[in-house]
Amino acid sequence: MRAWPTKTLSLGGDYNPEQWPRAVWDDDVTLMQRANISFVSLGIFSWSWLEPAKGEYEFEWLDTIMDKLHAGGIAVDLATATATPPPWLSAAHPEILPVDVLGHTLWPGSRQSWCPTSPVFRDYALALTRQLAARYHEHPALAMWHVSNEYACHNLPCYCDECARHFRSWLRRRYESLERLNDAWGTAFWSQRYTAWEQILPTRHSTTFNNPTQVLDYKRFSSDALLDFMRAERAVLDELSPGVPVTTNFMTLDHFRHLDYNAWTPTVDVVSTDHYIVDALEHPRSELAFSGDVTRALAGGAPWMLMEHSTSAVNWQPTNHAKAPGQTIRDALAHVARGADAIAWFQWRQSRAGSEKFHSAVVPHAGPETARFREVEQLGRIAGRLGELVGSRVEARVAILHDYQAIWASEGPCLPSSELDALEAARTIHRLLHDRGVTADVVHPGADLSSYAVVVVPQLYLVTDEHADAVSAAASAGAQVLVTYFSGISDEHDHVRLGGYPGAFRDLLGVRVEEFFPLGPVETVALTDGTGGWWSEDVQATDATVVESYAAGPLVGRPAITRRDVGTGSAWYLSTLPDDDRLGRLLDTLLAAAGVEPTVAGLPVGVEATRRRGDDGSWLFLLNHTDLTHSLAASGHDLVADTAVAGSVELAPGAVAVIRET
Ligand code: GAL
């Protein structure tokens, strides 16, 4: 059996041989070798092919392809194949189907039509997992288990009666008594007091706003319900296939917020994630970097695996843009620059039927004699040279706090502004740092903050006392701490912290806010040195220096940005989101005060720079996302071009350099 991760920068892909005649399989292995593909994720959606009828298993085809892959030197990340039940199962047991917020059944016919808490689904899924684990545990191609696929991608939240029962059990464990639940949910409001557990329901469609703490708890419960399912699958693997690493592919991309992955990481041996570029985002490249920085933090700073991305267009956006020539390589290396040691695509061979037939793949419809396949081959050669950096870690002295539970709470219902995106402030600050060549770890508030020179607390609406104390401790210990508006407002039950906002950080920041003045998406407010957007508020600097004030509107003359020196550090408060120029200058001030240098000084706009460091040296990543050629200071050996770099490197439009530094 092989160890995972390997000692080379691995390339891979989702492989769905059941979609192809066997004659194609041999070609696949040969082509994988040509492209330096060293692993595939196999069988993710193959349940109906593995178990065509209850308890009747057909493994011959999987045996054959596992053997062929092994003979070709391709390792297998073998799926438990439980992501989508076969039609015979949902026909026999329609109670496994998920139910939406309006009470509509989500019927089979696409994928992942199963309820996270269904005991029937669980029994069948675990039976299949047992079969696979027992049969393939000793297979020499098996390198890792891939449990399910993108948990919660399509089937969360489910509002069925089974989930209602599980929700009540979850609540009993959490609160122990109805009195405590009533208190936590604030049920004195709107006559919501519960007198029996059976009265409690999922947050189904109601006459108007559901109880916000109940909404938050339903999100917590839903994430935990799937985690419980993952643990059950993992327990089978641990029993029958001990010692083989286990993963499930997370989705740390912007638009997916259903699971609190911080709770999930102990259940996987390898943190893996999927990432697709969403054209509708204003700054898609920064979102890619943000996602990588979130994933790296989930992996505890260690290397991680990109389980899926696309060689070119996807099939689920209004217009599915093809990638520019060279972008397949640049996008893949952008994830390596953020700490990935393995890069895989969805999928190996482009389907000719089904919903994803127009989703790009490594082998396109036009076949391997194509520019896209040749680009993957070129990346394969580059990956061969990048093996030396496997295991190295990305350097970062800045932390940006990120907490799924705080995001859930700040998504409502009934907040001062429904226009505020919980991640807007985080991603904006991350982007401006990234533009400056400063790398940030995007970490959970419970992470160890002691190694960071700058700690950013962006719109952390809900925060526990413990996490708020950790932020204060970081400032006292010397960090420059930057807290933005709408942070520290509520406690873990989403009860407002009284006495003036931002309750949890009021003392640290030396400010007190009496009233919010949110701004709509196109509104701005003048500051003494710039403009603010999204938010403003009536700040009093009770024990802080005013750095900048509102220059117009109802808050004219009131503080907009403040600073309080604390211990050997400082705590800064941003009561609005300044324009990029003003915010960038503020970040420059903080970085200078913290002594944080950019990875590369004077980075041109649109050029990305990170550094990975290991026991054997350091590697500088330079990615040119612009249409211009840029010359940057560096010395060493560029592993992409395989040339020596003496003093400066010339980066053509769209080019990437990975320089082993000397
Ligand atoms: C992912 C999924 C893959 C494929 C891909 C297409 O969400 O895991 O199976 O559907 O999207 O972009």
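This is a predicted model: local features need pLDDT of at least 70, side-chain atom pairs count only at pLDDT 80 or more; totals for chains, interfaces and linings use all residues.
Glutamate 548 is placed in strand β19, which spans residues 545-549. One is arginine 582, whose side chain is joined to that of glutamate 548 by a polar contact of 2.4 Å. The other is the backbone of threonine 528, where the side chain of glutamate 548 reaches the nitrogen at 3.4 Å.

The loop in question runs between β7 (272-274) and α10 (284-298). Histidine 275 has a relative accessible area of 2% and is therefore buried. Its side chain is joined to the side chain of glutamate 287 by a polar contact of 2.7 Å.

A helix supplies the next example. Arginine 234 belongs to helix α8, which covers residues 212-240. Its relative accessible area is 14%, so arginine 234 is classed as buried, under the limit of 20%. In sequence, arginine 234 and histidine 146 are separated by 88 residues, while in space their C-alpha atoms are 9.9 Å apart.

Attention can now turn to the ligand. The space that the ligand takes up is the largest pocket. Around the ligand stand Phe45, Arg111, Asn149, Glu150, Tyr276, Glu308, Trp316, Phe346, Glu356 and His359. Sorted by class, this shell holds four nonpolar, two polar and four charged residues.

Several of these neighbours can be followed down to individual atoms. Glutamate 150 places a polar side-chain atom 2.3 Å from an oxygen atom of the ligand. For arginine 111, a polar side-chain atom is found 2.9 Å from a ligand oxygen atom. Tryptophan 316 also takes part, with an N or O atom of its side chain lying 2.9 Å from an oxygen atom of the ligand. On its own, the ligand has 310 Å² of accessible area, and the protein covers 96% of this.

Conventions. Residues are numbered from 1 along each chain as its sequence is written. Side-chain values use heavy atoms; hydrogens and water are left out. A residue is near a molecule or strand if one of its heavy atoms lies within 4 Å of it. A polar contact is a pair of N or O atoms within 3.5 Å; within protein, one must be able to donate a hydrogen and the other to accept it, and residues adjacent in sequence count only if both atoms are side-chain atoms. Accessible areas come from the Shrake-Rupley method with a 1.4 Å probe; for residues, only the protein chains shown count as cover. On a 1 Å grid over the protein atoms alone, a cavity is a set of points where a 1.4 Å probe fits but cannot get out, and a pocket is an open set with protein on both sides within 12 Å along at least five of seven lines; lining residues have an atom within 4 Å of a point. A molecule sits in a cavity or pocket if more than half of its atoms lie within 2 Å of its grid points. Ala, Val, Leu, Ile, Met, Phe, Trp, Tyr, Cys and Pro count as nonpolar, Asp, Glu, Lys and Arg as charged, and the others, Gly among them, as polar. Helices (H or I, at least four residues) and strands (E, at least two) are DSSP runs, numbered from the N terminus. Buried means under 20% relative accessible area, exposed over 50%, partly exposed in between (1.4 Å probe, protein chains only).
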